[in-house]
Amino acid sequence: MFKIKKIDHIAVCVRDIDESLKIYKTVFGLEPQDREYVPAQKTEAALLPIGEIGSETSIELITPKGNDGLEKFLDKRGPGLHHIAIEVEGIEEALALLKTLGVPLIDETPRFGARGHKVAFIHPKATGGVLFELVEPAEHHT
Ligand code: ZN
């Protein structure tokens, strides 16, 4: 089995990131650390870190910028919880293992997500209706 390190983020799909940022600031005092357009996902994402630096997790606010799946999600269900992302060691090996186990994958090879991290989604039918994302952080250069 591959190594899971922590929950990297919990993603909430929203219609308007600016409006949502105001809510998270008012209700929780959370401030965005990163905000970017993610070309490989056709989304805009803002990350609100929670916890000690180095072991923090984040609330990720995402909104579609051409991403049909997220548009459909918003049309069908409205804004709300979208996926849970877990940080793993060796994302390629993790995906290869899941494939041999017959776990349905949305991404058989990683794509680039927010912050340049490698990400891949597991199909929600594999987990009883919850969309999981695997994340392997980009190398940090200081
Ligand atoms: Zn995510």
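Student: How many aromatic pairs does the count come to?

Tutor: The model is a predicted one. Rings pair if their centres lie within 6.5 Å. By this rule, the count comes to one aromatic pair.

Student: Is the pair of Tyr 24 and Phe 28 stacked, edge-to-face or tilted?

Tutor: The ring centres of Tyr 24 and Phe 28 are 5.9 Å apart, and their planes are at 40° to each other. Planes under 30 degrees apart count as stacked and those over 60 as edge-to-face. The pair of Tyr 24 and Phe 28 is therefore tilted.

Student: What separates Tyr 24 and Phe 28 in helix α1?

Tutor: An α-helix has 3.6 residues a turn, so residues three or four places apart point the same way. Tyr 24 and Phe 28 are four residues apart in helix α1 (residues 17-28), and their separation is therefore about one helical turn.

Student: Is Phe 28 buried or exposed?

Tutor: Tyr 24, its partner in the pair, has 15% relative accessibility and counts as buried. Phe 28 has a relative accessible area of 57%, and the cut-off for exposure is over 50%. Phe 28 is therefore exposed.

Student: Within what arc do the buried residues of α2 fall?

Tutor: In helix α2 (residues 68-77), the buried residues are Leu 70, Phe 73 and Leu 74. They line one face of the helix, because seen down the axis of α2 they fall within an arc of 95°.

Student: Which strands do the buried residues of α2 pack against?

Tutor: The face of α2 turned away from its buried side carries the exposed residues Asp 68, Lys 72, Asp 75 and Lys 76. The buried residues of α2 pack against β1 (3-13), β3 (43-50), β4 (57-64) and β5 (80-89).

Definitions and conventions:
Residues are numbered from 1 along each chain as its sequence is written. This is a predicted model: local features need pLDDT of at least 70, side-chain atom pairs count only at pLDDT 80 or more; totals for chains, interfaces and linings use all residues. Side-chain values use heavy atoms; hydrogens and water are left out. Rings of Phe, Tyr and Trp (its six-membered ring) pair if their centres lie within 6.5 Å; planes under 30 degrees apart count as stacked, over 60 as edge-to-face and the rest as tilted. Helices (H or I, at least four residues) and strands (E, at least two) are DSSP runs, numbered from the N terminus. Buried means under 20% relative accessible area, exposed over 50%, partly exposed in between (1.4 Å probe, protein chains only). The arc is that of the directions from the helix axis to the C-beta atoms. Contact means heavy atoms within 4.5 Å.
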